[in-house]
Amino acid sequence: MQTSFVEKDPETKDFLPLNGTDHVEFYVGNAKQSAHFYKTAFGFKTVAYAGPETGLRDRASYVLQQGKIRLILTSPLKSDSPIMDHIKTHGDGVKILALWVDDAYKSYEETIKRGAKSYQEPQTLTDDFGEVRTAGIYTYGETVHLFVERKNYNGAFMPGYIAVEGGYEPESTGLLYIDHCVGNVGWNRMNEAVQWYEDIMGFKNILSFDDKQINTEYSALMSKVMSNKNGYVKFPINEPAEGKKKSQIEEYLEFYEGEGVQHIAVATHDIISTVREMKKRGVEFLSAPPRAYYETLLQRVGKIDEDIAPLQELGILVDHDEEGYLLQIFTKPVQDRPTLFFEIIQRKGAQSFGAGNFKALFESLEREQELRGNL
Ligand code: FE2
């Protein structure tokens with residue numbers, strides 16, 4: 001499969017230096033129950049909370065953590081709420097992809113100056129543990145990038161939240177950090193979104209796939225991977241493409257009622273034990289590819305450290321590039337609308353995204369889409 005890498009330019013200065021992903025905030029119908037799901041099934045722990053008990057009148061937020069991954073689950077408490085409006089349109093989904101920066105005010109200024117649409121003006125929040133500065137801009141759809149500066153803070157999460165310790169704490173499943181977050185945009189919108197990340201955020205397009213490369217009998221899509229300068233933050237962008245039947249991206253757009261986050265890829269150092277544990281705890285994954293996929297696996301990807309049997313048993317996919325290989329698997333959507341899902345990924349050198357698996361993956365996705373009557 002052809003991929004096109006674009007050279008990184010180390011000479012020019014980065015106007016938006018990023019330290020990584022700070023957190024991902026979901027707007028959901030029932031944060032209390034969603035928190036239970038992510039704790040029990042994914043192995044997160046609650047580390048902080050904000051709600052009526054802490055003086056918030058309109059919402060409740062649970063901050064969950066595992067490794068370096070921080071998720072916030074937020075629900076509105078009244079019908080008259082922008083959070084409720086978001087949920088009414090999109091269902092449960094990602095509102096905020098927050099980025100960890102050293103200077104939130106400057107991040108805001110630099111991106112607004114380049115044409116970003118403001119979500120939240122810079123503000124400084126303080127409590128006994130120090131200060132956190134935040135500012136936010138809109139990206140695709142109603143999704144937001146929040147810049148979070150926390151170098152002068154040592155509390156549990158952020159002023160306004162109280163630390164949560166003890167209580168119900170299931171074991172970790174071995175999830176470590178966010179590898180990438182993928183966005184779905186509308187027809188003919190991909191290049192616009194790519195341009196936005198280049199112009200506003202200083203990102204580079206490091207990898208591209210077109211519909212000739214990514215299609216099965218029915219489903220087709222186009223994808224471009226955007227990366228910030230140091231490579232700590234990667235946002236692939238998908239757009240639907242014409243196929244014989246409805247693209248999986250089109251199904252997403254229809255049910256999310258707009259553009260938004262399609263999947264969050266989380267990394268592990270031992271995908272076999274992570275996936276085995278998550279399955280035991282009730283996480284549903286896309287069905288395994290046919291046996292032939294595993295019979296020809298070594299011819300396709302070369303020698304790998306893992307035994308084939310557990311990979312086949314769990315339905316884990318393997319792909320390779322010039323730098324090594326990667327193992328990956330995708331969950332089914334984590335809410336009733338066929339929108340957001342998770343990817344579990346273990347990198348063994350490979351820096352790509354599993355394009356060699358797209359065909360096997362899409363055939364599995366199409367089986368699900370067909371069951372939903374959306375193909
Ligand atoms: Fe991915």
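Select R189 and E259: their side chains form a salt bridge, with N and O 2.9 Å apart. A salt bridge here is a side-chain nitrogen of Lys or Arg within 4 Å of a carboxyl oxygen of Asp or Glu. The two partners are 70 residues apart, R189 in the loop between β10 and α4 (190–201) and E259 in the loop between α5 (248–256) and β14 (260–268). Helices (H or I, at least four residues) and strands (E, at least two) are DSSP runs, numbered from the N terminus. R189 is partly exposed because its relative accessible area is 21%, and E259 counts as buried because its value is 13%. Buried means under 20% relative accessible area, exposed over 50%, and partly exposed in between (1.4 Å probe, protein chains only).

The model is predicted: local features need pLDDT of at least 70, side-chain atom pairs count only at pLDDT 80 or more, and totals for chains, interfaces and linings use all residues. Residues are numbered from 1 along each chain as its sequence is written, and side-chain values use heavy atoms, with hydrogens and water left out.

Next, select K348 and E306, whose side chains meet in a salt bridge (2.8 Å, N to O). K348 lies in strand β17 and E306 in the loop between α8 (297–301) and α9 (308–314), 42 residues apart. Then show K106, E110, K113 and R114, which salt bridges with shared partners join into one network. The count of salt bridges comes to 20.

Now go to the iron ion. Its protein donors are H180 (NE2), H263 (NE2) and E343 (OE), at 2.0 to 2.2 Å. Donors are N, O and S atoms within 2.8 Å of the metal (3.2 Å for Na, K and Ca); water is not among the atoms, so sites may look incomplete. H180 and E343 are both buried.

Move to the second largest pocket, which holds about 530 Å³ of space. A pocket is an open set of points on a 1 Å grid over the protein atoms alone, where a 1.4 Å probe fits, with protein on both sides within 12 Å along at least five of seven lines; lining residues have an atom within 4 Å of a point. The volume is the space filled by probe spheres set on the points, which are joined across faces, edges and corners. Select E25, R59, Y119, Q120 and Y161, the closest to the pocket centre of its 27 lining residues. Strand β6 supplies the largest share of the lining, 4 residues.

Finish at S34 in helix α1 (residues 31–42). S34 counts as buried because its relative accessibility is 14%.
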